[in-house]
Amino acid sequence: MSRDDDMRRLHAAILHGIEVVNDLTYSDEALQIALDYNLTLIGTSDIHGLVDWQYKVPEGGHRPVTLVFAEGRSLEAMKKALFERRTAVWFDNTLIAREREMQPLLKACISVEKAWYNGDSPVAYVTLANHSDAYFMLENLSGYTLHEHPDIVLLPPQSSLTLQVKTLEMLDEVRLRFKVWNAVTAPSQHPVMELVAEIK
């Protein structure tokens with residue numbers, strides 16, 4: 001048995017989670033420790049003053065939040081989810097989670113509302129809906145260029161945005177891939193999500 005294995009067992013016995021965010025700071029190093037030692041990701045405000053002032057809530061800010069993916073609202077369900085490391089952290093408009101939790105979270109936040117062509121023009125209109133309070137920064141990796149938008153698209157919270165996608169031919173569906181720059185799955189790692197737009 002290696003020393004690393006012994007350390008992992010020791011950590012599992014006495015330490016189950018780690019703050020990757022505390023108050024106004026995010027730590028790449030804490031995230032890497034969580035990934036290395038299989039710890040629950042936690043974000044806390046550790047607030048000692050007024051929340052609205054500290055986090056500029058009236059201007060649209062928010063305190064750090066730990067999202068817990070529990071199967072119910074009971075204390076037992078929450079505890080089970082925490083020990084199974086089913087969490088994500090929302091901090092300063094950035095989502096932090098393992099890939100396992102990140103992909104379902106992104107799919108719950110962003111969806112294709114509708115997609116269509118106008119006449120015979122091979123430019124698909126694809127409306128994305130953001131169902132969350134996060135402001136997403138998406139980089140187009142689809143292989144299609146966009147009309148009217150650069151490759152970086154900003155999707156405001158609780159809103160819809162229509163992209164004009166140059167498909168160059170009439171398609172029944174358009175697969176869009178985006179790197180989500182305000183989401184983190186490991187230090188300097190940003191997830192890529194795929195959305196399928198069925199043309200109506």
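Good morning, colleagues. The model is a predicted one, in which local features need pLDDT of at least 70 and side-chain atom pairs count only at pLDDT 80 or more, whereas totals for chains, interfaces and linings use all residues. Residues are numbered from 1 along each chain as its sequence is written, and side-chain values use heavy atoms, with hydrogens and water left out.

I begin with the chain as a whole. Its secondary structure comprises five helices and 15 strands; helices (H or I, at least four residues) and strands (E, at least two) are DSSP runs, numbered from the N terminus. Of the 200 residues in the chain, 38% are buried. Here buried means under 20% relative accessible area, exposed means over 50%, and partly exposed lies in between, with a 1.4 Å probe and protein chains only. The accessible surface amounts to about 11300 Å², and carbon and sulfur atoms hold 54% of that area. These areas come from the Shrake-Rupley method with a 1.4 Å probe, and for residues only the protein chains shown count as cover. Among contacts with a separation of 6 or more, 52% are between residues 24 or more positions apart, a contact being heavy atoms within 4.5 Å.

Let us turn to strand E5. How many of the residues in E5 are buried? In this strand, residues 87-91, five of five are buried. In a regular strand, side chains alternate between the two faces of the sheet. In E5, Thr87, Val89 and Phe91 point one way, Ala88 and Trp90 point the other way, and all are buried.

E5 has pairing partners, where two strands pair if DSSP finds at least two bridges between them. Strand E4, residues 65-68, runs antiparallel to E5 and is joined to E5 by four bridges; within this pairing, threonine 66 is opposite valine 89. Strand E6, residues 94-96, is also antiparallel to E5, with three bridges between them, and here tryptophan 90 is opposite leucine 95. E5 and E6 make a hairpin with two residues between them, and aspartate 92 in the turn has a positive phi of about 50°.

I now come to an open sheet. Four strands form it in the order E7-E8-E12-E10, with antiparallel pairing. Which strands stand at the edges? They are E7 (110-117) and E10 (145-147); each has a single partner strand, so one side of each is left without a neighbour in the sheet. From one strand to the next, the twist averages 40°. Inside the sheet, eight bridges join E8, residues 123-130, to E12, residues 159-166, and these strands run antiparallel. Alanine 124 has valine 165 in E12 as its bridge partner.

Helix H5, residues 99-109, lies across E7 and E8 and runs at about 50° to E7. For such angles, axes are lines fitted to C-alpha atoms, for helices over the stretch in contact, and angles run from 0 to 180 degrees between N-to-C directions. Is glutamate 101 buried or exposed? At 6% relative accessibility, glutamate 101 is buried. Leaving aside residues up to four places away in sequence, glutamate 101 touches Phe69, Arg85, Arg86 and Thr87.

Next, the charged pairs. Side chains of opposite charge can pair when their charged atoms come close. A salt bridge is a side-chain nitrogen of Lys or Arg within 4 Å of a carboxyl oxygen of Asp or Glu, and the whole structure holds six salt bridges. In one of them, lysine 80 meets glutamate 84 at 3.0 Å, N to O. Lysine 80 is partly exposed at 41% relative accessible area, and glutamate 84 is partly exposed at 31%. Another joins glutamate 173 and arginine 175 at 3.3 Å, N to O; glutamate 173 is partly exposed at 33%, and arginine 175 is partly exposed at 42%. Salt bridges that share partners also link Lys80, Glu84 and Arg86 into one network. Glutamate 198 forms a salt bridge with lysine 200, their closest N and O atoms being 3.8 Å apart, and lysine 200 is exposed at 73%.

Finally, the aromatic rings. Rings of Phe, Tyr and Trp (its six-membered ring) pair if their centres lie within 6.5 Å; planes under 30 degrees apart count as stacked, over 60 as edge-to-face and the rest as tilted. The whole structure contains one aromatic pair. The rings of tryptophan 116 and tyrosine 125 have centres 5.4 Å apart and planes at 15°, so the pair is stacked. Tryptophan 116 is partly exposed, at 23% relative accessible area.

Thank you for your attention.
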